Amino acid sequence: FHENDEVSFHAGQLFSHYVNPEVKAAGFALLESGDVAVATDLLRLIATDEDAGRILSALARKPEEEDNHCEIGNLVQMLEDGGLIQEAAIPLYIYEYSPCMHCRERAVKFMMEKGICPQWLLDEAAHDGSEHIRNLVSA
């Protein structure tokens, strides 16, 4: 988008409200260039299950020591705001890689509501560090 990270971030915020093929193409271009935070912001309303592999592949290329909460938050919004994600790949990623109990809870809730939550996750979540997640899966 722009050589200045702050300008790029704000441009991503602005364009993320548009469901448009050009915005989606820009999101994928940013994924390929490694700007995963702005890319997932652009894709949050228009990503589909078919796009999950490309998104998760870009996330896997990020160094593990980098904070991923911004990207995870965008993935949560893909689930809740976009409405085009119906399969488990993205919410499973959120549950497995997010240290944030709120994001993990929202991913588990999404999978439970869609009937796509694997049994192993329900078993593991019954012992999660978050009381809210434990209560969610025990209900």
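The model is predicted, so a local feature needs a pLDDT of at least 70 and side-chain atom pairs count only at pLDDT 80 or more, while totals for chains, interfaces and linings use all residues. Residues are numbered from 1 along each chain as its sequence is written, and side-chain values use heavy atoms, with hydrogens and water left out.

**The core**

Let's start in the middle of things. The largest nonpolar core has 39 residues. A nonpolar core here is a set of buried Ala, Val, Leu, Ile, Met, Phe, Trp, Tyr and Cys residues joined through side-chain atoms within 4.5 Å. Buried means under 20% relative accessible area, exposed means over 50%, and partly exposed is in between (1.4 Å probe, protein chains only). The residues with the most contacts inside this core are I55, L75, I90 and I94. At least two core residues come from each of α2, α3, α4, α5, α6, α7 (101-114), α8 (119-125) and α9 (131-138). These helices are DSSP runs (H or I, at least four residues), numbered from the N terminus. As general background, nonpolar side chains tend to be buried together in soluble globular proteins.

What does I90 touch, not counting residues up to four places away in sequence? The list is A52, I55, L56, L75, M78, L79 and I85, where contact means heavy atoms within 4.5 Å.

Helix α4 covers residues 52-60, and its buried residues are A52, I55, L56, A58 and L59. Seen down the axis of α4, they fall within an arc of 155 degrees, so they line one face of the helix. That arc is taken from the directions from the helix axis to the C-beta atoms. The cover over these buried residues includes α2, α3 (36-43), α5 (69-82) and α6.

Helix α3 is mostly covered, with 7 of its 8 residues buried. They are V36, V38, A39, T40, D41, L42 and L43, and they pack against α1, α2, α4 and α5.

**Two buried serines**

S16 sits in the loop between α1 (5-15) and α2 (21-33). Its relative accessibility is 1%, so S16 counts as buried. The side chain of S16 reaches the backbone oxygen of Q13 at 2.9 Å. That is a polar contact: a pair of N or O atoms within 3.5 Å, where, within protein, one must be able to donate a hydrogen and the other to accept it, and residues adjacent in sequence count only if both atoms are side-chain atoms. Leaving out residues up to four places away in sequence, S16 touches D41, L42, R44 and L45; two of the names there, D41 and L42, are also among the buried residues of α3.

S98 is in the loop between α6 and α7, and S98 is buried too, at 4% relative accessibility. A polar atom of the S98 side chain lies 3.1 Å from the backbone nitrogen of C100. Not counting residues up to four places away in sequence, S98 touches I72, Y93, C103 and R104.

**Rings**

The structure holds 2 aromatic pairs. In one of them, the rings of F15 and Y18 have centres 6.4 Å apart and planes at 50 degrees, so the pair is tilted. For the record, rings of Phe, Tyr and Trp (its six-membered ring) pair if their centres lie within 6.5 Å; planes under 30 degrees apart count as stacked, over 60 as edge-to-face and the rest as tilted.

There's a charge over a ring as well: the charged end of R54 sits over the ring of F28, 3.8 Å from its centre. This takes NZ of Lys or CZ of Arg within 6 Å of the ring centre and within 35 degrees of the ring normal.

**Partly exposed residues**

| Residue | Relative accessible area |
|---|---|
| F15 | 37% |
| Y18 | 47% |
| E87 | 48% |
| A89 | 37% |
| E96 | 46% |

E87 is in the loop between α5 and α6. Where its neighbours within four places in sequence are set aside, E87 is in contact with D49, F110 and I116. A89 belongs to helix α6 and, with the neighbours within four places in sequence set aside, is in contact with A52 and L56. The C-alpha atoms of A89 and L56 are separated by 8.4 Å, though the two are 33 residues apart along the chain. E96 lies in α6 (residues 89-97), and its C-alpha atom is 32 Å from that of H2.
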